[in-house]
Amino acid sequence: MSEHQVRPAGAADQDSLLSVLMLAFSTDPCMRWTFPRPDTFLAAFKPLVTQMGAGLGHDGLFLVEDGTAGALWLPPGVEQDAAAIGAVFDRFVEGGDPEVGAQIGAEMRAYHPHEPHWYLSMLGVDPACQGRGLGSALLKAGLARCDAEGLPAYLESSNPKNVPLYERFGFEVLGRIAPGDFPGLTPMLRPAR
């Protein structure tokens, strides 16, 4: 396997980063449970991910070489704007059980660390390029920063197929968030090294 080049993504890369993440998450169980209609998924994805990436105006954004994979890491002190994320859901989610949504949010907050940490909000690889080590390259780059700062890393895996990958990089499963018919998130923590 060749070594892939990972670089920071700046403001000029925002469209490329959002586009590759949209491709990667187009079949994600949790994302498609939230936005089951293709037109709604396409309309909601970029506004939602911009908010999940805390506005994308920080140094936790990464792309692999030609933009075929990307990651949104939130640095310590950068938090998602729950009200802005809620506004996207209010605009685009049709139907659904508000109690299940509230329970998902409460459980996510309960698992999320309170001490300084890096939060891997999203990592995705263009489906046409999966299986080539691009996700691993992104993880290595982000975790190198965590290790250099002596900080833990946290994520919620929205696809059970990805849990073994994260475990290979030292993440430990903390539990499972799966109320109602929600497909489930797996909160995971990698202790500081």
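**View 1. Contacts of aspartate 13.** Leaving aside neighbours within four places in sequence, aspartate 13 is in contact (heavy atoms within 4.5 Å) with Arg7, Pro8 and Leu63. Aspartate 13 is placed in the loop between β1 (6–8) and α1 (14–25); helices (H or I, at least four residues) and strands (E, at least two) are DSSP runs, numbered from the N terminus. Aspartate 13 counts as buried because its relative accessibility is 15%; buried means under 20% relative accessible area, exposed over 50%, and partly exposed in between (1.4 Å probe, protein chains only). The model shown here is predicted: local features need pLDDT of at least 70, side-chain atom pairs count only at pLDDT 80 or more, and totals for chains, interfaces and linings use all residues. Residues are numbered from 1 along each chain as its sequence is written, and side-chain values use heavy atoms, with hydrogens and water left out.

**View 2. The loop residue aspartate 181.** Aspartate 181 lies in the loop between β6 (172–173) and β7 (186–190). With a relative accessibility of 61%, aspartate 181 counts as exposed.

**View 3. Helices α3 and α4.** The axes of α3 (residues 38–52) and α4 (residues 82–92) come within 9 Å and cross at roughly 175 degrees. Axes are lines fitted to C-alpha atoms, for helices over the stretch in contact, and angles run from 0 to 180 degrees between N-to-C directions. Thr40, Ala43, Ala44, Pro47, Leu48, Gln51 and Met52 in α3 meet Ala84, Ile85, Val88, Phe89 and Phe92 in α4. By class, this contact of α3 with α4 has 10 nonpolar, two polar and no charged residues; Ala, Val, Leu, Ile, Met, Phe, Trp, Tyr, Cys and Pro count as nonpolar, Asp, Glu, Lys and Arg as charged, and the others, Gly among them, as polar.

**View 4. The nonpolar cores.** A nonpolar core is a set of buried Ala, Val, Leu, Ile, Met, Phe, Trp, Tyr and Cys residues joined through side-chain atoms within 4.5 Å. The largest has 24 residues, and Trp73, Leu120, Leu139, Tyr166 and Phe171 have the most contacts inside it. Elements that each supply at least two residues of this core include β3 (69–74) and α6 (134–149); α6 gives the largest share, five residues. Apart from this core lies another, of 23 residues, among them Ala9, Met31, Phe45 and Leu72.
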